[in-house]
Amino acid sequence: MNRKQDKHQDYRGQKIVKYLLLPMSACLAVILSIAFLFHLLGDDTRISGSQESIASQAVEAYETMPLSSAIEQTETTNTVPPETMQNTTTSIEVSDQEETQPHSTEQTASARYTYLPQSELKLYDGIADPRTVKARDVIDPHSFSALVNKGFTLPADFEPAELVPASGFDWFQLHPAAAAAWTDLRQACQQETGIVLYMTSAYRSFDVQNMLFNSALNRKGIAMSVGYNAYQGRSEHQLGLAIDIMDSNTSKNSTRFAQTETYGWMMKNAARFGFILRYPAHKVHITDYSYEPWHFRYVGIELANHLAEYDLTLEEYHGLGPLSDFITDPS
Ligand SMILES: [Zn+2]
């Protein structure tokens, strides 16, 4: 386990070097070159002012820029526009870009839950009633690695930059990258096993989630809802990156799906297409959700492989442990 953690730290370290230190060094070199050029060109007093202002503006711009944009800007050349999730237009393009799409890992590595007075938090079998959890804003909602859970909420008006119909299930919508991955996943599953994957849910708006949560509350009560039903704003379905699936052998989303050949295939192959099982049985204490064998989240191929290899949830990837660790006892 320690070796795995070390490797995970190495991975983070490599990312920091690749996406932060190298571009920063490059920036510094450019600033110094410009400053040196001005120094060669003329009047010392005037140039000293310009040089100072150029350098300070550059540093200020870099520091105030969201890290994800900084990474995109330093990674792309002047002739190629930065490829962001927002400007992806076709699913094929998204597929091609995916390997180069940086994850904003460094920015969210220090994610922390809000500390909660124990008297305020309501737990049912160790799982929190989301209405009693004070959530923070999701740190980088347009990143494929965005963490949305009981402790991190999306604004009511948040929508993915673009939504497209999911292949075979036109009435469901997904972020174009997730939609392209779903198409490939479904095709591969059918080719390799002969089994057809069914989609039972994809993008859900804040309002739809609000309706679903309240409906669950009315039907089965809070104790039965906390493990499976997300509160509005705290469902990653609102990102357009989550899918609920089943196959022709299962009639609805249930833990019985875990016994199917399809699920076995998914566990071996989902990461190949950028998906992870988001709420595994052995991580309930971390995710604060019951085991959901049907719920998969698109995070991109590189990150999905990393999480699968080191058996990490998105919470752990962002440096977070159990939600219940962030409860303070007022006494
Ligand atoms: Zn789901």
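Angles between axes count as roughly parallel under 35 degrees, roughly antiparallel over 145, roughly perpendicular from 65 to 115, and oblique for the rest. This is a predicted model, in which local features need pLDDT of at least 70 and side-chain atom pairs count only at pLDDT 80 or more, while totals for chains, interfaces and linings use all residues. Residues are numbered from 1 along each chain as its sequence is written.

**View 1. The protein chain as a whole holds 12 helices and 12 strands.** Helices (H or I, at least four residues) and strands (E, at least two) are DSSP runs, numbered from the N terminus. Of the 331 residues in the protein chain, 34% are buried; a residue is buried if 20 or more other C-beta atoms lie within 10 Å of its own, exposed if 12 or fewer, and partly exposed in between, with C-beta atoms placed from the backbone.

**View 2. Helix α6 (residues 176-193) and helix α9 (residues 261-269) cross at roughly 120°, with axes that come within 11 Å.** Axes are lines fitted to C-alpha atoms, for helices over the stretch in contact, and angles run from 0 to 180 degrees between N-to-C directions. The helices α6 and α9 are therefore oblique to each other. On the α6 side, A188, C189, E192 and T193 meet E261, T262, W265 and N269 of α9; here two residues are in contact if their C-beta atoms, placed from the backbone, lie within 7 Å. The residues of this contact divide into three nonpolar, three polar and two charged.

**View 3. Four strands form an open sheet in the order β8-β9-β11-β10, with antiparallel pairing.** Strands of a sheet pair through backbone hydrogen bonds, either parallel or antiparallel, and two strands are said to pair if DSSP finds at least two bridges between them. The edge strands, each of which pairs on one side only, are β8 (197-201) and β10 (275-277). On average, and with direction ignored, neighbouring strands of this sheet are turned by 40° against each other. Helix α6 lies across β8, β9, β10 and β11 (295-298), and runs at about 125° to β11.

**View 4. Strand β9 (residues 242-247) pairs with β8 in the antiparallel sense over four bridges.** The bridge partner of M199 in β9 is I245, and S201 stands opposite D244 in β9. Strand β9 is also joined to β11 by three bridges, and these two strands run antiparallel. In this pairing, A242 stands opposite R297 in β11.

**View 5. D125 has a positive phi of about 50° although it is not a glycine.** The residue D125 lies in the loop between β2 (123-124) and β3 (127-128). D125 is exposed, with 9 other C-beta atoms within 10 Å.

**View 6. D288 has a positive phi of about 65° although it is not a glycine.** The loop that holds D288 is found between α10 (284-287) and β11. D288 is buried, with 23 other C-beta atoms within 10 Å.

Conventions
Nonpolar A, V, L, I, M, F, W, Y, C, P; charged D, E, K, R; others polar.
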